[in-house]
Structures are given as C-alpha cells and as structure tokens.
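Please keep the sequence and the model in view while reading.

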Amino acid sequence: MNTLNTTAAAVLQRIRDQKPLILNLTNNVVQSITANMLLAVGGVPVMLTHTQEIRDLLHSCANGMLVNVGTLSAEQAETMLTAVTDAAEAGIPWVLDPVAVGLLTFRTQVCKQLLQTPPAMIRGNASEIIALAGAQGALCRGVESAAESSAALPAAKALASHTGAAVLVTGETDYMTDGQRTITCTNGHELMTRVTGVGCAMGALCAACLACADNALEAAVATAAILGLAGERAAAQYPHPGSFAAALLDELDRMTPQDLEFSARLTEI
Amino acid sequence: MNTLNTTAAAVLQRIRDQKPLILNLTNNVVQSITANMLLAVGGVPVMLTHTQEIRDLLHSCANGMLVNVGTLSAEQAETMLTAVTDAAEAGIPWVLDPVAVGLLTFRTQVCKQLLQTPPAMIRGNASEIIALAGAQGALCRGVESAAESSAALPAAKALASHTGAAVLVTGETDYMTDGQRTITCTNGHELMTRVTGVGCAMGALCAACLACADNALEAAVATAAILGLAGERAAAQYPHPGSFAAALLDELDRMTPQDLEFSARLTEI
Amino acid sequence: MNTLNTTAAAVLQRIRDQKPLILNLTNNVVQSITANMLLAVGGVPVMLTHTQEIRDLLHSCANGMLVNVGTLSAEQAETMLTAVTDAAEAGIPWVLDPVAVGLLTFRTQVCKQLLQTPPAMIRGNASEIIALAGAQGALCRGVESAAESSAALPAAKALASHTGAAVLVTGETDYMTDGQRTITCTNGHELMTRVTGVGCAMGALCAACLACADNALEAAVATAAILGLAGERAAAQYPHPGSFAAALLDELDRMTPQDLEFSARLTEI
C-alpha cells in the first residue's frame with residue numbers, strides 16, 4: 001500500500017468530516033468555480049472584501065485562507081497585506097497563488113511583500129515559481145509542460161527552504177516539495193488548463209487540505225492527487241471543456257478516500 | 001385545488017408574460033448564476049455599480065431590485081444606501097438578502113441602516129433572520145436544518161411586523177410570513193446548498209416575483225415553490241453538484257404554471 | 001465554394017495555430033464565460049484591473065483587447081480610457097462593446113470619449129449601435145429582433161465610416177459592415193440570449209479573430225459565423241439554457257474550419 005496514497009485518502013476523509021471554512025481573497029474571474037470546487041470537495045467557501053470583516057472572520061471561524069493575485073488592484077493589495085498579518089496573528093495557515101508573477105511588475109513586488117509573512121503553501125506553475133524564487137519568467141501562456149515544471153524544481157526547493165512553505169508546482173506532472181522531500185503526482189488531464197479557474201481554485205483546495213493535514217507537504221500531496229484524479233476521471237467521460245467543467249465538480253463530490261488509495265499516482269523522488 | 005399553488009402558478013405565468021427587469025446589487029461570487037436564474041425563470045437581469053446609472057435605471061425601466069451584502073465593501077455600502085432611497089422614490093420594491101449578518105459587524109450595521117428604508121421582502125437563513133431581528137446568530141455554516149429554520153419563525157414574524165416586509169426563511173423547510181399569515185414550503189433539495197449562489201440568486205427571484213405578485217407574501221410563496229420544485233426535479237436526475245447546477249437552470253426554464261399547481265407543497269400554518 | 005465561409009474557416013485555423021492572448025476589460029457578470037469561450041475557441045484570456053499591469057501586458061504579449069462597459073464604474077472608466085491609448089501606442093487592436101449605451105448617460109459619455117481613440121471593431125445590438133451613432137435608443141430588453149438589427153444598418157455604416165472600425169450588429173440576423181461592404185450571418189439561436197454573457201463574450205471572440213484576420217471586417221464575419229454555428233449546434237441538442245451553456249463551449253472546442261466551410265450562412269448584401 002502506497003503510504004502517500006494513504007495520506008491523501010486520510011486528508012480527504014478529514015475534509016469531509018471537518019468541513020473546513022476557507023476564506024478566499026482571489027481574482028474576479030474565478031470566484032464562482034473556487035467556491036464550487038471547495039463545496040464539491042467538502043469545504044465551506046467564504047469570500048470577503050472588507051478589511052475589518054476579513055479580520056473578524058480570521059479571528060472567529062476561518063480554518064484557512066487563499067491569497068490569489070490574478071486581478072490585483074492597488075486597493076486589493078493593501079487588503080491582502082493586512083489579511084496575511086491578521087492570519088498570522090490568528091494562527092490561520094494561508095496559501096499564496098502568485099498568478100503571472102514574473103510577467104507583471106506590480107504583482108511581483110506585492111508578492112515579495114506578502115512573503116514577509118510566511119505562507120504555509122505556495123502554488124504556481126513553473127514560470128511563476130521560478131520568478132518568485134528570484135529569476136524572471138516568460139509567462140505569456142498558462143499551460144506549462146512537464147519539462148517546464150521539472151525545470152522549476154530547484155527554484156521550488158529554494159523557495160520552500162527560504163519561506164518555510166511547501167511549494168506545489170503544477171504542470172503535466174505536479175511537483176510538491178518542502179525543500180527536503182520531493183513528491184510527484186502524475187494524475188490530471190490537459191483539459192484542466194482549458195477551463196478558467198481550475199488552477200486558481202486548486203489554491204483553495206490547498207487551503208482546505210492544509211486545514212486537515214498533519215503538515216503542509218502532505219496537504220500539497222493530497223491536493224494534487226484529489227484534483228488530478230477528479231480531472232482525469234471527468235476528462236475520460238467528457239472530452240470537451242463545457243461538459244468537462246461540470247463533470248469535474250461531480251467527480252470531486254463523488255470521490256472517496258478509497259479512490260485515492262487505489263488510483264492516486266504519487267511518487268517520492 | 002390548493003389556492004397557494006394556484007397563486008404560485010399565477011405569479012410564474014405573469015413573470016413569463018411581463019419579463020420583469022431586475023436590478024441586482026449583489027456579491028462578487030454569484031453575479032453569473034443570479035443573472036442565469038433570472039433569465040431561466042423569464043426575467044431580465046441587470047447589474048450596475050455606478051450610483052447615477054442605478055438611479056437612472058430605477059427611474060426608467062427597473063421593475064425590482066435585489067440588495068445582497070455577501071461581499072460588502074465600504075464603497076458598495078454607500079452605493080446600496082443611496083440605491084434603496086432611489087428605489088423608494090421611484091416606487092420600485094426591493095429585496096434585502098442579509099448574507100452573514102450576525103457574524104460580521106460591518107454588514108450587520110449596514111443592514112440595519114438599509115432597513116431604515118423599508119424593503120418589500122427579506123430573504124435569509126435562520127441565523128441571518130434571527131440576527132437581523134436583533135439577536136446574535138452563530139453563522140459559520142451556510143446550511144440550516146429544518147429545526148433551525150422553524151426556530152427563526154418568531155424572529156421572522158417580529159421582523160415582518162417591524163419592517164412591513166414579507167420574510168422568507170430558507171432551510172430544509174422554507175417559512176414565509178408577513179407577520180400575520182405564515183406559510184411553509186417543503187419543496188427543495190440539499191444539493192441547492194452545495195452550488196454557490198443558489199440561495200443568493202433566490203433573492204433575485206424574490207424580486208422578480210414581487211414585480212408580478214399581488215403582495216409580498218404571495219411573492220415569497222411563489223419564489224420558494226418555483227425554486228424548490230426546480231431544485232428537487234434537477235436533483236432527482238443529477239445527484240452531483242456540477243451537473244445539478246446546469247439542470248437547475250434547465251428545470252427553471254422548463255417549469256410551467258401547471259407544474260406548480262400539481263407539485264408545489266405549500267401549507268398555511 | 002463561398003469565399004466568406006473560406007475566410008471564416010481560415011481565421012479559425014489561425015486562432016488554433018497562433019493562440020492569440022486577449023486582454024479583457026469587461027463587466028463583473030461575464031468574466032468567467034468570457035475566459036471560457038476564449039479558451040474553447042483556442043485563445044488565451046487575461047483579465048487585469050491595474051493600469052500599469054494593463055500597460056505592461058499591452059507592451060509585452062497581448063494580441064488584442066476587449067473593452068466592455070457593462071458594469072462601468074468611475075474608476076474603471078479611467079482605467080479603460082488609459083488602456084485604449086496604451087493599446088494604440090502598442091499597436092494592439094481593440095474592440096468596444098457599448099453595453100446599454102443610449103439607456104444610461106454615464107457610459108454613453110464614456111463610450112464617446114473612448115471612441116476618440118479608434119477601435120478596430122464595435123460590437124453591439126441594434127439599440128446600442130443606433131445610440132452610439134448619435135440617436136437615443138430605448139434599451140430595456142437585451143433581445144433584439146432581426147427587424148431591429150436591420151434597422152440599425154444605416155447607423156452601423158455611419159459609425160463604421162466615422163470611426164474606421166468594423167461594426168457588428170448582433171440580432172436574429174447579424175450584420176457586419178466596414179461602411180463599404182455589408183455581410184449578414186444567419187447562424188445562431190435564440191438561446192444564446194438566455195445565457196448571461198454570451199453576447200459580451202462575443203466581443204472577446206471579436207478580439208481573437210482581429211488578431212488573426214487580414215482585416216476587421218473579416219474578423220467580424222468570422223466571429224459571427226463561429227459563435228452562431230456553435231450556438232445553433234448546441235441548441236439543437238440542448239434546448240434549455242443550463243445544459244446549453246456547457247454545450248456551447250463544447251461546440252466551440254469541437255468546431256473545425258471545415259464545419260465553417262460547409263455550415264456558415266454568410267451573405268454579402
């Protein structure tokens with residue numbers, strides 16, 4: 001029995017039992033799919049914009065938080081910078097999704113400021129992780145090849161060691177590292193890149209898994225396996241993006257811990 | 001023949017005939033499903049953010065307005081406070097959806113200010129209605145049990161009497177009251193709470209029914225029956241949330257007044 | 001062989017080959033369907049709100065831009081006015097979608113300011129095009145009849161001649177004109193008006209076609225044929241709006257240039 005699969009299965013079971021409430025500070029495009037993917041996996045999504053309300057929720061019933069800079073404004077940047085310090089005070093783990101960092105200067109600077117308050121996890125594609133680790137990425141396409149995601153592994157390890165966060169590099173193969181251990185996940189399907197917000201909503205699943213896992217690396221592993229397995233099962237039945245998007249939510253809802261035990265493709269490298 | 005069912009059927013027929021134009025001041029997460037549910041039932045959705053444009057629409061072709069505070073910002077609060085006074089001047093009935101009131105202080109204060117301009121209807125879950133009526137709710141989960149919605153009935157009656165609005169308390173059983181009469185609806189399905197925005201979009205259907213009903217209590221009754229029946233029919237065919245969400249729109253579009261005559265489960269208590 | 005069909009087919013093939021990156025400055029309701037329709041046809045959607053990030057993208061990897069005023073705020077108007085001048089500097093063609101112009105004064109004034117920087121294409125319904133050309137429209141319903149779209153043809157020709165843009169008037173029959181030539185497209189289905197954002201997302205497809213066509217009129221012709229054919233094929237299988245919306249994305253993804261050669265109904269008048 002693959003102990004990584006057992007870990008992912010245990011995290012999914014805990015999400016179903018504990019229904020973690022995740023506060024999502026995310027972009028304008030993906031609000032709905034982010035909430036729906038969280039609901040389908042068993043979490044409770046909340047979106048807020050008012051700084052005091054964010055503080056109130058973090059100090060009352062939030063179990064995790066996502067910060068995604070996809071459509072960052074100057075005002076939202078201020079809200080996010082305050083929110084991560086509030087989350088740290090409240091002891092709420094948070095996930096950074098550095099969308100398009102390396103391509104766009106403003107958000108690159110804001111993400112470096114955000115990192116002064118350590119996140120528990122960072123999720124990005126290869127170019128974003130390389131850029132966040134200090135190099136500049138060339139990021140005019142969202143789809144990353146497996147080669148590119150493996151190419152980001154040194155940057156991912158350095159970023160993990162520097163920040164203390166687990167880093168999840170998404171691509172045809174997903175790479176998860178805490179700077180010491182590195183695990184790959186080969187579940188998934190290319191159609192997941194053809195529906196807007198699947199990657200961004202993955203950051204919300206990271207936060208739900210963080211709230212239920214023993215450590216951030218296990219949360220990253222569980223997230224990659226849960227979403228990747230749901231994606232490949234949905235794509236096997238629905239090869240076009242409109243019906244695939246509905247099927248992805250159905251598969252997340254239908255998934256059992258046993259499905260992960262038997263079908264996750266997780267390997268420590 | 002149940003006269004409540006006949007009322008609900010008549011309201012649906014009038015929505016199909018009159019195509020009420022509903023202005024939605026709602027949260028960032030549910031804009032799309034709110035517009036699509038209104039279109040499916042036969043209404044015309046409009047979303048605006050600019051105070052003068054809101055005033056212009058209220059004084060030209062709007063037939064109703066929804067105010068939903070789900071992702072309230074300080075700026076949006078100002079816009080909403082101005083909009084409800086404009087609606088009152090223009091004689092346009094409006095619906096308040098006090099999302100998460102009782103949990104979050106800022107929106108609780110804003111909703112109390114909004115109520116100084118009387119809405120025609122208030123739609124919320126048990127905790128929200130209890131909190132809006134003056135008590136504090138504990139509101140870290142969106143799903144309310146039937147017991148909880150019945151527990152809110154005294155608060156709902158007090159709120160109706162105090163504001164002059166009809167109050168719709170949603171839960172496994174929906175309760176509708178004007179402070180004098182109370183009606184229950186047992187149509188619906190738990191999956192309606194597993195798709196983001198179904199509850200929020202229900203507020204928009206309330207506004208469409210208000211524009212076409214003889215009074216606010218009848219509008220609340222029609223809304224609960226139309227959405228509940230569509231939800232239970234969709235869930236009977238599609239037991240998972242992604243395909244259910246599409247089927248819910250299909251069932252709203254497909255529904256006839258006769259369906260409500262025969263299948264609505266409405267009871268005066 | 002209809003040379004207009006051949007043109008539309010060639011544009012679709014180029015979108016699939018070149019994957020144009022389209023920057024969308026659009027309204028709050030349609031962000032997700034806009035991104036998903038672009039992805040389904042083969043483009044790459046980007047949404048941004050920060051003026052400097054918009055400038056950076058226009059000067060790096062953007063191939064086209066959409067400006068849609070559906071939920072215009074004073075702040076967004078400033079952003080859009082700066083963005084169109086940046087697009088002009090960078091040589092990026094842009095599309096104007098003057099949603100509800102003629103009904104609402106603020107956006108009507110802003111659209112006239114935007115037109116001081118010439119767009120490559122303008123897409124609207126009959127009332128919007130008539131209003132933008134100078135007359136006042138009465139625009140309390142989104143659905144335009146064929147009669148109404150033909151009634152806008154003189155206004156469309158005048159607007160095209162005045163601005164240098166190709167004008168696409170959508171309705172039961174779509175009319176495309178550059179002021180000299182006029183082409184009609186009779187593909188499409190009424191259900192396309194019953195799913196929020198299909199018309200708005202059409203503006204994003206216009207921008208993708210502009211990035212890949214020899215001229216703006218050909219881009220307008222290709223857009224009308226691609227979306228109209230996808231819509232009628234989806235409606236033939238799914239006559240209700242929820243399942244239709246998913247099928248529309250599936251049909252855009254499935255469509256081949258050969259489908260357009262054989263099934264587009266384009267006529268020069």
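How many residues does helix 11 of chain A have, and what distance does it reach from its first C-alpha to its last? In this predicted model, helix 11 covers residues 241-254 of chain A, which is 14 residues, and reaches 19 Å between those two atoms. At 1.5 Å a residue, 20 Å would be expected, and the value found is close to that. The helix is mostly covered, with 12 of its 14 residues buried. Among the buried residues are P241(A), G242(A), F244(A), L248(A), L249(A) and L252(A), and the charged residues D250(A), E251(A) and D253(A) are buried as well.

Of the 269 residues in chain A, 66% are buried. The C-alpha atoms of chain A fill a box of roughly 45 × 40 × 35 Å along the principal axes. A compact globule of 269 residues would have a radius of gyration near 18 Å, so the 17 Å of chain A agrees with such a globule.

E128(B), found in helix 6 (residues 126-132) of that chain, is buried but has no salt bridge. R123(B) is the nearest side chain of opposite charge, and it is 4.8 Å away, whereas a salt bridge requires the atoms to be within 4 Å. A polar atom of the E128(B) side chain does, however, lie 2.8 Å from the backbone nitrogen of N125(B).

Finally, the chains may be compared as copies. Chain B is superposed on chain C by a rotation of 120 degrees with 0.0 Å of shift along the axis, at an RMSD of 0.0 Å. The two copies are therefore related as by a three-fold rotation axis. In chain B, N28(B) has the C-alpha nearest this axis, at 4.3 Å.

Notes: Residues are numbered from 1 along each chain as its sequence is written. Chains are lettered from A and ligands numbered from 1 in the order in which they are written. This is a predicted model: local features need pLDDT of at least 70, side-chain atom pairs count only at pLDDT 80 or more; totals for chains, interfaces and linings use all residues. Side-chain values use heavy atoms; hydrogens and water are left out. Copies are superposed by least squares on the C-alpha atoms of residues with pLDDT of at least 70 in both. Helices (H or I, at least four residues) and strands (E, at least two) are DSSP runs, numbered from the N terminus. Buried means under 20% relative accessible area, exposed over 50%, partly exposed in between (1.4 Å probe, protein chains only). A polar contact is a pair of N or O atoms within 3.5 Å; within protein, one must be able to donate a hydrogen and the other to accept it, and residues adjacent in sequence count only if both atoms are side-chain atoms. The expected span of a helix is 1.5 Å times one less than its number of residues. The radius of gyration is taken over C-alpha atoms; the globule rule is 2.2 Å times the number of residues to the power 0.38.
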